[in-house]
Amino acid sequence: MNELFKKRYNPKSYHCVHFLIDSAKFIYGLDYTPCFIGLTGSLDEAVKTSRDTVHRNKKIDNPAEGCIVLMSNYNGSSHVGLYYKGRVFHLTENGVQRPTLQQISLYFKRVRFYEPNLNY
């Protein structure tokens, strides 16, 4: 687990989607890559994380262990994290964080939960 906390954000080569995929592989032994087809490149590619996540995965009303947490910023951009042990495990420019949902709601305009569809 300590290895995950050493990950560093880079908008061109390692961002929140990469971190979520690596975290799910390490924690659950599952590959979430199919959940984010086309979203593992540079953030400069201007892909819409939220649109693809909505179409590929099943929206759920409440968080469940291992679900994808999709967060929308006030500026319209999106961010993702992994729901793990009652917290949102995610990577930001400031490093790896594990805030509560209450803390997340202070920083993001909208928070949604998705059950990963690994059958693509």
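Which residue in S3 is the bridge partner of Val69?

**View 1. Strands S2 and S3 in this predicted model.** The bridge partner of Val69 is Gly81, which lies in S3. Strand S2, made of residues 68-72, pairs with S3 in the antiparallel sense, and the pairing runs over 5 bridges. In the hairpin that these strands form, 5 residues stand between S2 and S3, and Gly76 takes a positive phi near 95°. Strand S3 itself, residues 78-84, is mostly covered, with 6 of its 7 residues buried.

**View 2. The hairpin of S3 and S4.** S3 also pairs with S4 in the antiparallel sense, here over 3 bridges, and Leu82 has Phe89 in S4 as its bridge partner. The hairpin has 2 residues between the strands, and Lys85 in the turn has a positive phi of about 50°.

**View 3. The aromatic pair of Phe19 and Phe89.** A search of the whole structure finds 4 aromatic pairs. Phe19 and Phe89 form an edge-to-face pair, with 5.1 Å from centre to centre and 65° between the planes. The pair links distant parts of the chain, since Phe19 belongs to helix H2 (residues 16-28) and Phe89 to strand S4 (residues 87-92), 70 residues apart. Phe19 counts as buried because its relative accessible area is 1%, and Phe89, with a relative accessible area of 0%, is buried as well. Both belong to one aromatic cluster, together with Phe5, Tyr28 and Tyr84.

**View 4. A nonpolar patch on the surface.** Met1, Phe5 and Phe26 form this patch, and together they have about 260 Å² of accessible area. Met1 is placed in the segment before helix H1 (2-5), and Met1 counts as partly exposed because its relative accessibility is 31%.

Definitions and conventions
Residues numbered from 1 in each chain as written. Predicted model: local features only at pLDDT ≥ 70, side-chain atom pairs only at ≥ 80, totals over all residues. Heavy atoms only, no water. Patch = residues over 30% accessible without salt bridge, like charges linked within 9 Å, V, L, I, M, F, W, Y side chains within 5 Å. Areas by Shrake-Rupley, 256 points an atom, 1.4 Å probe, with all protein chains shown as cover. Salt bridge = Lys/Arg side-chain N within 4 Å of Asp/Glu carboxyl O. Helix = DSSP H or I, 4+ residues; strand = E, 2+ residues; numbered from the N terminus. Buried < 20%, exposed > 50% of the residue type's maximum accessible area, 1.4 Å probe, protein only. Phe/Tyr/Trp six-rings, centres within 6.5 Å; stacked < 30°, edge-to-face > 60°. Pairing = 2+ DSSP bridges.
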